[in-house]
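Hi,

Here is the structure I said I would pass on. Have a look at it first, and my notes follow below.

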Amino acid sequence: MGTLYVVGTPIGNLGDMTYRAVETLEKVDFICAEDTRVSAKLLNYFEIKTPLVSYHEHNAAQVGGGICDRIAAGENAVIITDAGMPCISDPGELLVKMCYERGIKVEVVPGPSAVVSALAISGLDTKHFQFEGFLPVVKKQRSEQLAAVSKSSRTLIFYEAPHKLLGTLEDMLKFLGDRKISLCRELTKLHEEVIRTTLAQAVQMYREVKPKGEFVLVIEGAKDSELSPAETIDEALEQVKALVQKGMRGADACKEIAKATGFSKGELYTKLLEEKE
């Protein structure tokens with residue numbers, strides 16, 4: 001039986017490629033890549049001739065079994081992503097699970113990570129943090145996720161694309177309030193930039209300036225003054241109404257506050273309806 005190697009690749013600067021990563025990519029039988037065109041450029045730069053297999057979010061369920069079959073038959077494989085550590089907010093997670101289910105050995109060859117790199121230079125608390133990846137596109141799901149993390153005292157980390165950045169910042173300001181944020185752009189690349197500001201100032205800035213490049217957003221956690229628990233059903237109801245005012249559906253707001261406070265979702269929703277009558 002072969003081995004699946006999870007190999008980290010540069011997030012921008014090719015000089016960050018490790019010797020061990022190159023050696024591993026050279027010695028395996030095939031490489032599973034998110035975008036074979038992107039990965040081909042990396043392999044060509046290091047003169048690596050190992051064959052590529054397409055593996056991404058749209059075909060993971062279909063081709064994952066075949067990849068596991070090849071490894072189980074004795075071949076060694078690598079999984080890489082377009083940039084950084086695979087399997088983090090990435091379909092490689094599924095392949096690793098499939099390998100473990102079939103008793104296939106998995107080894108990691110660590111490399112650059114946009115999450116940890118951005119956190120390290122954010123200037124915010126690094127002791128306790130919470131990675132949230134990309135926010136959902138669907139408004140309801142996005143609102144639920146932001147509401148769920150709004151009371152967390154941990155530093156929050158998100159990914160975002162430039163064309164969605166302003167809308168995301170506006171939603172964050174609505175649900176999280178005006179907090180410190182470090183916008184880490186184009187990490188390790190020629191135009192790397194870290195903008196340390198607040199959510200309100202970031203919204204204003206990007207209403208006037210078109211964002212460019214891929215972003216990692218590092219946001220300070222909720223302060224103690226924002227974490228006061230609801231001791232009564234009426235206090236919990238006030239929290240529900242605050243979420244409703246931000247655009248969340250009443251039932252969804254009751255669900256989130258119920259999880260945070262321990263009060264019954266049904267009881268909260270009944271009281272909310274009573275106030276509307």
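Ile157 has Val218 in S10 as its bridge partner. That is a handy place to start, keeping in mind that this is a predicted model. The two strands involved, S7 (residues 155-160) and S10 (residues 215-219), run antiparallel and are joined by five bridges.

Zooming out, S7 and S10 belong to an open sheet of five strands, ordered S6-S7-S10-S8-S9, with mixed pairing. At its edges you'll find S6 (129-133) and S9 (193-198); each has a single partner strand, so one side of each has no neighbour in the sheet. From one strand to the next, the twist averages 20°.

Two helices to look at here: H6 (residues 139-149) lies across S6 and S7, at about 155° to S7. H7 (residues 165-176) lies across S7, S8 (180-185) and S10, and runs at about 10° to S10.

Now the other sheet. This one is also open and has five strands, in the order S3-S2-S4-S1-S5, but its pairing is parallel. The edge strands are S3 (52-54) and S5 (105-109), each with a single partner strand, so each has one side left without a neighbour in the sheet. Direction ignored, neighbouring strands are turned by 25° against each other on average.

Within that sheet, S1 (residues 3-7) pairs with S5 in the parallel sense over five bridges, and Val6 stands opposite Val108 in S5. Helix H1 (residues 19-27) lies across S1, S2 (30-33), S4 (77-80) and S5, at about 140° to S5. Helix H2 (residues 36-45) packs on the sheet too, touching S2, S3 and S4, and its direction makes about 160° with that of S3.

On to the nonpolar side chains. The largest nonpolar core has 34 residues, and Phe158, Leu169, Met172, Leu183 and Leu217 have the most contacts inside it. If you pick Leu169 and leave aside its neighbours within four places in sequence, its contacts are Ile181, Leu183, Leu199, Ala202, Val203, Tyr206 and Leu217. Another core, of 19 residues, lies apart from that one and includes Leu4, Cys32, Cys87 and Ile104.

For the aromatics, the count is four pairs. One of them is Tyr45 with Phe46, edge-to-face at 4.9 Å centre to centre and 80° between the planes. Tyr45 is exposed, with a relative accessible area of 54%, while Phe46 is partly exposed at 21%. Phe131 and Tyr159 have ring centres 5.1 Å apart and planes at 70°, so that pair is edge-to-face as well. This pair links distant parts of the chain, with Phe131 in S6 and Tyr159 in S7, 28 residues apart. Phe131 is partly exposed at 26% relative accessibility, whereas Tyr159 counts as buried at 15%. Ring pairs also tie Phe131, Phe134 and Tyr159 into a cluster.

Cheers

Terms used
Residues are numbered from 1 along each chain as its sequence is written. Side-chain values use heavy atoms; hydrogens and water are left out. A nonpolar core is a set of buried Ala, Val, Leu, Ile, Met, Phe, Trp, Tyr and Cys residues joined through side-chain atoms within 4.5 Å. Buried means under 20% relative accessible area, exposed over 50%, partly exposed in between (1.4 Å probe, protein chains only). Contact means heavy atoms within 4.5 Å. Two strands pair if DSSP finds at least two bridges between them. Helices (H or I, at least four residues) and strands (E, at least two) are DSSP runs, numbered from the N terminus. Axes are lines fitted to C-alpha atoms, for helices over the stretch in contact, and angles run from 0 to 180 degrees between N-to-C directions. Rings of Phe, Tyr and Trp (its six-membered ring) pair if their centres lie within 6.5 Å; planes under 30 degrees apart count as stacked, over 60 as edge-to-face and the rest as tilted.
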